[in-house]
Amino acid sequence: MKSEQPVHSVEHYLGTQIDFAALKRSRVEGPERISSFGLKPDLDDHIAMLHDEFIGRSRLEFYNVILTVLLRRGYNTSSNFLLFRRLWNEEANFLVGELDSRWLISACDTFTDHSEDKEEIAFACAGTLFMNTVKLYETERHALGATSAQPYKEFTGRVSLFDGLTAFMIGNGDMIKNLAERLRKSGGGCPTALIVQELFRRAQQNDTVYRRFRVAHKNFETAW
């Protein structure tokens with residue numbers, strides 16, 4: 001007699017065998033997508049809330065989310081991280097292209113928490129640090145009511161910030177160009193390297209300080 005699926009397994013929530021190709025083709029079903037917010041103490045309730053966030057998205061993305069939540073809450077961490085690693089080793093390009101930045105950061109956090117590969121952890125930490133720093137800056141900016149319509153104050157010389165750091169020379173500085181080139185040179189064949197490169201690309205595409213400074217840049221030689 002076939003035993004029942006164990007509670008809190010991926011199959012319990014996804015209701016399918018683990019076939020990545022099939023999961024990419026199929027969609028999470030439901031009446032209306034609802035963005036999730038906060039943390040529900042009950043695991044089933046939390047997964048249900050995330051299910052509604054992924055309505056219309058591929059079931060492979062939701063598979064990643066379920067594994068992330070199970071690992072975050074400490075369920076079968078050894079076996080679930082093996083599944084998580086296999087998923088990202090085989091489907092990193094797909095996931096990097098489909099998941100939003102929130103879940104890419106969560107993937108970095110998961111690798112940091114459970115991986116023993118130093119290269120993987122280094123890129124994962126870099127991804128989380130980079131995007132969460134951007135998040136904090138943009139949060140402060142939003143809370144202060146700053147808008148993109150406000151003109152930048154022009155710097156004509158050295159502007160001290162703190163602890164020896166000086167302000168980026170808006171319109172001319174080469175710091176971001178050099179950062180972009182070093183990131184490209186870092187290469188890396190692990191999934192977290194791909195995530196970091198994608199997060200940096202998205203920072204240029206969305207309304208962040210990176211995009212705003214890129215639009216305001218005037219010096220062709222230091223453009224990125």
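Reader: Buried means under 20% relative accessible area, exposed means over 50%, and partly exposed is in between (1.4 Å probe, protein chains only). So which one is Arg-201?

Author: Arg-201 is partly exposed, at 41% relative accessible area. Keep in mind that this is a predicted model: local features need pLDDT of at least 70, side-chain atom pairs count only at pLDDT 80 or more, and totals for chains, interfaces and linings use all residues. Residues are numbered from 1 along each chain as its sequence is written, and side-chain values use heavy atoms, with hydrogens and water left out.

Reader: Got it. What does Arg-201 pair with?

Author: Its side chain forms a salt bridge with Glu-198, at 2.8 Å from N to O. A salt bridge here is a side-chain nitrogen of Lys or Arg within 4 Å of a carboxyl oxygen of Asp or Glu. Side chains of opposite charge can pair when their charged atoms come close.

Reader: How many salt bridges does the count come to?

Author: Ten. One of them joins Glu-91 and Lys-24, at 3.0 Å from N to O. That pair links distant parts of the chain, 67 residues apart. Glu-91 is in helix α5 (residues 77-98), and Lys-24 is in helix α2 (residues 20-25).

Reader: How covered are they?

Author: Glu-91 is buried at 10% relative accessible area. Lys-24 is partly exposed at 27%.

Reader: New topic. Which residues have the most contacts inside the largest nonpolar core?

Author: Phe-62, Tyr-63 and Trp-88. That core has 53 residues. A nonpolar core is a set of buried Ala, Val, Leu, Ile, Met, Phe, Trp, Tyr and Cys residues joined through side-chain atoms within 4.5 Å. Helix α4 (residues 59-72) gives the largest share, nine residues.

Reader: What does Phe-62 touch?

Author: Leaving out residues up to four places away in sequence, Phe-62 touches Leu-14, Val-28, Ile-47, Leu-50, His-51 and Phe-54. Contact means heavy atoms within 4.5 Å.

Reader: Okay, now the surface. Which residues form a nonpolar patch there?

Author: Leu-161, Phe-162 and Leu-165, with about 330 Å² of accessible area together. Patches use residues with over 30% relative accessible area and no salt bridge; like charges are joined within 9 Å, nonpolar side chains (Val, Leu, Ile, Met, Phe, Trp, Tyr) within 5 Å. The areas come from the Shrake-Rupley method with a 1.4 Å probe, and for residues only the protein chains shown count as cover.

Reader: Where is Leu-165 found?

Author: In the loop between α7 (118-143) and α8 (175-186). Leu-165 counts as partly exposed, at 45%.

Reader: Last one. What about Thr-112, where does it lie?

Author: In helix α6, residues 101-114. Thr-112 is partly exposed at 26%. Not counting residues up to four places away in sequence, it touches Ile-121, Ala-124 and Cys-125.

Key. Helices (H or I, at least four residues) and strands (E, at least two) are DSSP runs, numbered from the N terminus.
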